[in-house]
Amino acid sequence: MIRPSRKVWRILLLTGLSLVCGHADAQQDQRGQSSYMKIEITEPFASIMARMTAAKPGIEQAHMAVLNERYDLSDRPAQGVTMDRGKPVQEGVRVKLPAGVTWESLAAMRPDQIREQNLYPKGFYPLPHPNHVDGGFVFPHFLIDAIKQQDGRDLKRFDIDFDLPDHFLAEFPPAIYLTPRPDLGDVSQGKLVSLTNYYELFNGLLTPRQLEGLRLLLTPFPQQQFNATEDRRSELPSFGSACFDCHSNGHQNGATHLAPDARPQQYRHRIKTVSLRGVDIQRLFGSQRALKTIEDFTEFEQRTAYFDGDIVIATKKGVNPLERGSQVDFMADFQEMLDFPPAPKLDLLGKLDPAKATQAEMRGQEIFFGKGQCASCHEPPFYTDNLMHNLQTERFFKPVMINNMMAVGDGPIKTFPLRGTKDNPPYLHDERLLTLEDTVEFFNLILGTKLAPQEKQDLVAFLRTL
């Protein structure tokens, strides 16, 4: 038996230590230095604001470069197709393909081939926050303007603006339908409900308990970017933000944030504001966190999501612990009244009435329940199975840093209800899919259904009826 010399042992030992250290360094990059945010801020607010304001043009330029590389952002409304209150619906696939690739040729490839050849469309990768390093609530300009005019609060950040063009967002202000009173139709009267008008709009329609719940949903409380501390992101000390600042009229306005449930910062997912329409029929809440009741969701948002999941910084900035029995329950009572918009072509079971539907819509329904495999998760009448599913998108691409966000797999995602889906853009949990056509192409690739071009068009026609 030949024994290794001392020199060989030293080499083996040093190699082993090097591998261990390299693995530890890589692990540290994935772990981050701390789970906690910095509590004591020594830089004066004026200096913070000046520094971030100066950096804003460069941050926005870099982010817009990402969006323009991914998408066709032009305003191309579909002919004769509008949302519930008349806003045009955008049409067409907006995700750009790699050079020399078609959707048909891409769908014919295996996931590992797409991954190895780096052919996964850029617009199918996770979408970064407009400023992923800092994150936080970012509101579209029309919501900022409306709240400032009605309530006198300013939700504008000095460090960043919202990123997606208005024409890809839900109409504003959205309609409000109440499950116990379908006879009333839209009860919003075309107005954005806020603290200054909710009483006149809903007194006499709601019970005192529901009315108090709505008031709380409209009441601003301190939040990570909007508060009175020196590291806020509003020019003036702020009362905070309200639940319905994001969930306008119980729906959504496109406002975005970062999920609070991961560290380090680059591994956090951008999240879309989910619509609260139809929460009475849902059993899971939040796009990825799988909260079990609407009460859990309501309480979680203010205690945790408002402060990026950091309970220590929440105390400093003024967390508002809601009382479960009288406040959270009242808020849930109102949320559970929010209904989907009418779908006049659907029957009692959520399927198309052949007497009202077009041939394209009927063909699309057949694809939805057949070749497209959509109904495997999206079951009628509300088109959800109330479960979480992992699409395993990481099969198609290698982990990559995109503008300070590490793009990896998405993990389990809630099955969103598809009722009212044409009124609920953009799509997927992080707003990466701008149109229903983008969404169909995405799932055609992910599920491997190999739909023909006409089948995709018919499927979109069906989705618009829901």
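This is a predicted model: local features need pLDDT of at least 70, side-chain atom pairs count only at pLDDT 80 or more; totals for chains, interfaces and linings use all residues.
Q: How many aromatic pairs does the count come to?
A: Rings of Phe, Tyr and Trp (its six-membered ring) pair if their centres lie within 6.5 Å. Side-chain values use heavy atoms, leaving out hydrogens and water, and residues are numbered from 1 along each chain as its sequence is written. By this rule, the aromatic pairs come to 23.

Q: Are the rings of Tyr 120 and Tyr 125 stacked or edge-to-face?
A: Planes under 30 degrees apart count as stacked, over 60 as edge-to-face and the rest as tilted. Here the centres are 5.3 Å apart and the planes stand at 70°, so the pair is edge-to-face.

Q: Is Tyr 120 buried or exposed?
A: Relative accessible area decides this: under 20% is buried, over 50% exposed and anything in between partly exposed (1.4 Å probe, protein chains only). Tyr 120 also belongs to an aromatic cluster whose members include Trp 103 and Phe 124. Like Tyr 125, Tyr 120 is buried.

Q: What is the relative accessible area of Phe 369?
A: Phe 369 pairs with Phe 368, with centres 5.2 Å apart and planes at 65°, so these two rings are edge-to-face. Phe 368 is buried, with a relative accessible area of 0%. Phe 369 is partly exposed, and its relative accessible area is 31%.

Q: Which residue lies over the face of Phe 369?
A: A charge sits over a ring if NZ of Lys or CZ of Arg is within 6 Å of the ring centre and within 35 degrees of the ring normal. Elsewhere, the charged end of Arg 232 sits over the ring of Phe 45, 3.9 Å from its centre. Over the face of Phe 369, at 4.5 Å from the ring centre, lies Lys 351.

Q: Where is the place of Ile 367?
A: Helices (H or I, at least four residues) and strands (E, at least two) are DSSP runs, numbered from the N terminus. Ile 367 is buried, at 8% relative accessibility. Its place, among residues 359-369, is helix α12.

Q: How far apart are the C-alpha atoms of Ile 367 and Lys 456?
A: Contact means heavy atoms within 4.5 Å. Leaving aside neighbours within four places in sequence, the contacts of Ile 367 include Leu 451, Glu 455 and Leu 459. Ile 367 and Lys 456 are 89 residues apart along the chain, yet their C-alpha atoms are separated by 8.7 Å.

Q: Is α12 roughly parallel or roughly perpendicular to α14?
A: Axes are lines fitted to C-alpha atoms, for helices over the stretch in contact, with angles from 0 to 180 degrees between N-to-C directions. Under 35 degrees counts as roughly parallel, over 145 as roughly antiparallel, 65 to 115 as roughly perpendicular and the rest as oblique. The axes of α12 and α14 (residues 453-465) come within 7 Å and cross at roughly 100°. That makes the two helices roughly perpendicular.

Q: Which loop holds Lys 450?
A: Most residues other than glycine have a negative phi. Lys 450 has a positive phi of about 55° although it is not a glycine. Lys 450 is partly exposed, with a relative accessible area of 49%. Its place is in the loop between α13 and α14.
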